[in-house]
Protein chains: 2
Amino acid sequence: MVEAMKQGKHVVTANKFALATCGKELLDTASEFGVKLSYEASVAGGIPIIHGITESLTANKILNIVGIINGTTNYILTKMTKFGMEFEDALKEAQEKGYAEADPTSDIEAYDAMYKLGILSSLSFGGYINVDSIYREGITSINSVDIEYAREFGYVIKLLAIAKDIDGSVELRVHPAMIPASHPLANVNDSFNAIFIKGNAVGDLMLYGRGAGDLPTGSAVVGDIISTLKNQSDIQASTHMVNKSEPKIKDMEDTRCEYYIRVTASDTPGTLGAIANIFGNNGVSLASVIQKGKGDVNVPLVFVTHETLERNINKSIKEIKAMEAVVKVDNIIRVEDI
Amino acid sequence: MVEAMKQGKHVVTANKFALATCGKELLDTASEFGVKLSYEASVAGGIPIIHGITESLTANKILNIVGIINGTTNYILTKMTKFGMEFEDALKEAQEKGYAEADPTSDIEAYDAMYKLGILSSLSFGGYINVDSIYREGITSINSVDIEYAREFGYVIKLLAIAKDIDGSVELRVHPAMIPASHPLANVNDSFNAIFIKGNAVGDLMLYGRGAGDLPTGSAVVGDIISTLKNQSDIQASTHMVNKSEPKIKDMEDTRCEYYIRVTASDTPGTLGAIANIFGNNGVSLASVIQKGKGDVNVPLVFVTHETLERNINKSIKEIKAMEAVVKVDNIIRVEDI
């Protein structure tokens with residue numbers, strides 16, 4: 001790619017890994033040699049999100065991005081939500097249908113979504129963002145029990161890629177999250193992708209479509225080629241990633257969220273109260289508590305918190321895990337009241 | 001606008017009326033004088049739909065467009081759907097909140113949506129489309145009874161702008177329609193706009209956002225200005241509308257749809273059967289029939305048809321209206337199983 005640009009050739013690519021990890025160098029090279037580097041297909045296939053950010057939304061300060069940008073995990077979570085399938089079965093079906101690769105790690109551990117968020121946030125927040133700054137958590141720990149609790153609370157579980165500019169520092173995270181069932185993103189199903197962007201002028205904007213596949217990707221690649229041909233004499237490198245310092249990244253411990261926490265504990269008097277006390281002592285206020293299966297030896301306890309610091313949750317979980325009555329902290333899932 | 005272009009000035013406009021009615025002349029002038037005419041803000045405010053069609057989707061043959069492109073009517077229909085309000089009350093609230101003008105005709109009679117569909121379809125189907133070719137029907141006849149029946153059938157009522165390329169002739173219509181409650185467009189509420197496009201390569205694509213308001217419109221206008229400045233030396237008029245013949249337009253009578261038909265009839269034996277016979281004789285097959293209020297003098301009868309020709313519906317309705325037992329055909333709403 002670099003060699004082609006050095007020889008004065010315009011480049012159109014769908015390679016998200018290259019853009020996410022060496023985007024600055026690639027765009028610097030394009031700029032230096034006066035050629036155009038286009039990469040619409042690198043994020044969300046046929047959805048014109050790169051063009052949207054770099055052309056249509058140039059008048060805006062981007063405030064946040066919330067996206068479903070991995071089709072494989074969205075397919076798996078959709079099957080789990082709609083048909084009560086377990087993760088392993090849904091993954092197997094995704095592999096059989098060609099939505100997941102034989103080695104699914106990059107998708108299910110959210111590396112793919114992380115690279116894509118790296119590109120989107122580098123274009124949106126005033127400078128190149130190193131993907132190592134992105135908090136990443138895959139979907140392998142989600143199971144049908146969590147999906148069922150989510151439904152009871154009026155939520156749907158999606159793998160979200162989130163980037164927010166909060167008072168000049170950027171929050172970057174990719175993880176499963178519960179979102180309200182009424183939110184447009186909650187109805188983005190199967191292998192579809194969607195990206196929600198808030199700009200200070202345009203307000204909420206969502207782009208939805210097929211994020212992968214030969215034809216959607218081809219649509220983006222050919223769109224880039226035609227655009228390059230039309231504007232050949234006026235090539236300017238994207239000013240977004242080039243020659244700028246890395247934006248300030250927020251420490252994950254300093255991010256704020258609501259949390260769903262599922263615990264298995266022995267059904268002894270006072271356990272629920274003791275856990276609630278731990279949360280309270282760490283500044284975590286509870287929104288809901290559900291205890292089911294009264295009378296069994298071990299019972300599931302489910303807590304949903306009000307918005308709090310990640311740091312407070314981590315401290316609480318550490319103390320809860322140390323309790324004698326607690327068999328296991330089964331899962332912790334962030335709740336995004338978007 | 002024409003004068004400015006003749007003096008060699010690039011023009012950025014949000015004037016949908018001018019584009020829809022004189023778009024060809026305006027773009028011809030831009031082409032003749034080597035200037036750029038940009039009009040992203042003319043359709044759906046901050047949503048980059050013009051850019052999407054003319055730049056990102058150039059590799060695609062557009063197969064169809066289904067949009068909610070009028071915020072005022074969407075606000076009214078949302079209030080009617082969510083709070084059981086009647087049309088007049090919802091309109092009054094929309095006027096109080098500044099979503100509807102003192103004279104709301106252009107919005108509620110769907111002229112606004114018609115102009116916007118004229119622009120989108122002119123860009124999508126290979127030549128300038130005269131807005132007079134677009135079938136247009138407003139939302140004034142929708143009432144809470146229809147909304148309630150829609151809910152029973154699993155539908156939501158939206159004002160849709162529809163353009164479809166079917167075997168080389170273009171179907172163009174703006175009217176209220178019932179759409180499945182699970183479709184992404186069904187959850188586009190309040191004054192939000194959304195446009196669903198199917199391209200032969202990209203598949204289904206949806207763009208969602210604020211269709212009006214100072215800031216979203218400003219976002220589109222400034223985006224156009226920046227884009228014009230960046231590409232000044234390489235201006236090419238849009239090839240979409242210019243120098244092309246008008247595409248072949250499908251006669252509305254030849255369009256196919258499912259239909260919801262609500263009739264008030266006297267509760268006499270045989271009325272339902274007689275109406276069903278009329279439908280059958282005109283080649284209209286029924287999917288559901290609901291008769292409520294048994295025992296009253298007049299009862300509502302509701303029919304939902306399978307897909308059929310508009311012509312067959314029109315013939316059926318004429319015969320049904322002539323029946324002695326039929327008090328009134330209260331409403332006919334198309335059902336789009338998108």
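**Close-up views of a predicted two-chain model**

View 1. Helices (H or I, at least four residues) and strands (E, at least two) are DSSP runs, numbered from the N terminus. A residue is called buried if 20 or more other C-beta atoms lie within 10 Å of its own, exposed if 12 or fewer, and partly exposed in between, with C-beta atoms placed from the backbone. By that criterion A:Pro216, A:Thr217, A:Ser219, A:Ala220, A:Val221, A:Gly223 and A:Asp224 of α9(A) are buried. The helix, residues 214–230 of chain A, has 17 residues and reaches 24 Å from its first C-alpha to its last, close to the 24 Å expected at 1.5 Å a residue, where the expected span is 1.5 Å times one less than the number of residues.

Residues are numbered from 1 along each chain as its sequence is written, and chains are lettered from A and ligands numbered from 1 in the order in which they are written. Because the model is predicted, local features need pLDDT of at least 70 and side-chain atom pairs count only at pLDDT 80 or more, whereas totals for chains, interfaces and linings use all residues.

**View 2. Strand β5 of chain A between its pairing partners.** Ten of the twelve residues of β5(A), residues 155–166, are buried, so the strand is largely enclosed by the rest of the structure. Strand β3 (residues 62–68) of chain A runs antiparallel to β5(A) and is joined to it by four bridges, with A:Val66 having A:Ile162 as its bridge partner; two strands are said to pair if DSSP finds at least two bridges between them. Strand β6 (residues 169–180) of chain A, also antiparallel to β5(A), is joined to it by twelve bridges, and here the partner of A:Lys164 is A:Glu171. β5(A) and β6(A) form a hairpin with two residues between them, and A:Asp167 in the turn has a positive phi of about 50 degrees.

**View 3. Strand β5 of chain B.** Eleven of the twelve residues of β5(B), residues 155–166, are buried, so this strand is largely enclosed by the rest of the structure. Four bridges in the antiparallel sense pair β5(B) with strand β3 (residues 62–68) of chain B, where B:Asn64 has B:Lys164 as its bridge partner. Twelve bridges join β5(B) to the antiparallel strand β6 (residues 169–180) of chain B, and B:Ile166 stands opposite B:Ser169 in β6(B).

**View 4. The contact between the chains.** In this interface 38 residues of chain B are in contact with 38 residues of chain A, contact meaning that the C-beta atoms, placed from the backbone, lie within 7 Å. On the side of chain B that touches chain A, α3 (49–56), β8 (203–210) and α9 (214–230) of chain B each supply at least two residues, and α9(B) gives the most, with nine residues. Strand β8 (residues 203–210) of chain A runs antiparallel to β8(B) and is joined to it by five bridges, A:Leu205 having B:Gly209 as its bridge partner.

Terms used
Two residues are in contact if their C-beta atoms, placed from the backbone, lie within 7 Å.
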